Amino acid sequence: MPGANCAVFGCGSCRRTKGIGIWKLPVAKDEAHRKWRDEWLGEIKKTREMDQNFREQLKSDKIYTCEKHFAPEDIETYHSAKMTKKKPKFGALPMMNMPRKSHETSKPSPRPERSVVKCNEASLPHSCYKGFSELCQRVKSLKSLGDWSLKIFDDRILLKKMVDQYVLPHLEIVIDESLGFTVKVFGSYLPEDHPILWPMAALDTTVIKIT
């Protein structure tokens, strides 16, 4: 019928759209065509709900699919003096420009489990400590650590800043014996390019900045 819409979710094509072929599901006149029809319908049903409107279209055999969802090589074109006619090749399925469900969309690359930033002596010549033991001594005397939990181990320093209503620490800083460090915010690692990290090569500057 004129104005019938493409059944692919989100597609705006209809029979009134000029230059776009649009076709009904194949008639199940034999077993091969029945299989083609079922597979064609299956591709459409993958990305849309079987709501009442779709059920009614299916019941009345008014499920249409436009050519934008078929590969160009799967479309046959016939030319005559009066018109150009297109139709899908036998067995062709609508698999082009189909909507994707949220779990199928590409996901960002996982963050590395541990992101360590090293003290850069060239950029901060007056801020870096000469060694781990010197840093441990300096940390013990920092007054700005009053509301931080501080633990000093043989190979690392652990700093935690808690917020009463949260189970996880608001901020957690681990500095190892090589003076590399990691930072977590509510249990999640910060990326290396986060602006909070770069002042942290000098711990006394860091604690003042992030408190």
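1. Is Asp-61 buried, partly exposed or exposed? Asp-61 counts as partly exposed, because its relative accessibility is 24% and the class between buried (under 20% relative accessible area) and exposed (over 50%) is called partly exposed, with a 1.4 Å probe and protein chains only. Asp-61 sits in the loop between helix H2 (52–59) and strand S2 (64–66). Its phi is near 60°, a positive value in a residue other than glycine.

2. A word on the model before going on. This is a predicted model, in which local features need pLDDT of at least 70 and side-chain atom pairs count only at pLDDT 80 or more, while totals for chains, interfaces and linings use all residues. Residues are numbered from 1 along each chain as its sequence is written, and side-chain values use heavy atoms, with hydrogens and water left out.

3. Now the overall layout. The protein has four helices and nine strands; helices (H or I, at least four residues) and strands (E, at least two) are DSSP runs, numbered from the N terminus. Starting at the N terminus, the elements read β-α-α-β-β-β-α-β-β-β-β-β-α. Of the 211 residues in the protein, 35% are buried. Among contacts (heavy atoms within 4.5 Å) with a separation of 6 or more, 49% are between residues 24 or more positions apart.

4. Five strands make an open sheet in the order S5-S6-S7-S8-S9, with antiparallel pairing; two strands pair if DSSP finds at least two bridges between them. At its edges are S5 and strand S9 (188–189), each pairing on one side only. Helix H3 (residues 132–140) packs on the sheet and touches S5, S6 and strand S7 (171–176). The direction of H3 makes about 30° with that of S6, where axes are lines fitted to C-alpha atoms, for helices over the stretch in contact, and angles run from 0 to 180 degrees between N-to-C directions.

5. S5 and S6 run antiparallel and are joined by four bridges, and the hairpin between them passes through three residues. Within this pair, Lys-151 stands opposite Leu-158 in S6.

6. Phe-153 deserves a look of its own. This residue lies in the loop between strand S5 (149–152) and strand S6 (156–161). Phe-153 is partly exposed, with a relative accessible area of 31%. Leaving aside residues up to four places away in sequence, Phe-153 touches Phe-132 and Leu-158. Its C-alpha atom is separated by 9.5 Å from that of Glu-177, 24 residues apart along the chain.

7. What about the interior? In soluble globular proteins, nonpolar side chains tend to be buried together. Here, the largest nonpolar core has 15 residues, a core being a set of buried Ala, Val, Leu, Ile, Met, Phe, Trp, Tyr and Cys residues joined through side-chain atoms within 4.5 Å. Residues with the most contacts inside this core include Leu-135, Trp-148, Ile-157 and Ile-173. H3, S6, S7 and S8 are the elements that give two or more residues to this core, and H3 gives the most, with four residues. A second, separate core of 13 residues includes Trp-23, Leu-41, Ile-44 and Leu-93.

8. The largest pocket holds about 580 Å³ of space. On a 1 Å grid over the protein atoms alone, a pocket is an open set of points where a 1.4 Å probe fits, with protein on both sides within 12 Å along at least five of seven lines, and lining residues have an atom within 4 Å of a point. Grid points are joined across faces, edges and corners, and the volume is the space filled by probe spheres set on the points. The pocket is lined by 22 residues, and the closest to its centre are Ile-22, Trp-23, Lys-85, Lys-86 and Lys-87. Strand S1 (22–24), helix H1 (31–45) and strand S4 (84–88) each give two or more residues to the lining; S4 gives the most, with five residues.

9. Finally, S4 and what follows. Strand S3 (residues 75–79) pairs with S4 in the antiparallel sense over five bridges, and the two form a hairpin with four residues between them. His-79 has Thr-84 in S4 as its bridge partner. In the loop between S4 and H3 lies Asn-97, which has a positive phi of about 55° although it is not a glycine. Asn-97 is exposed, with a relative accessible area of 58%.
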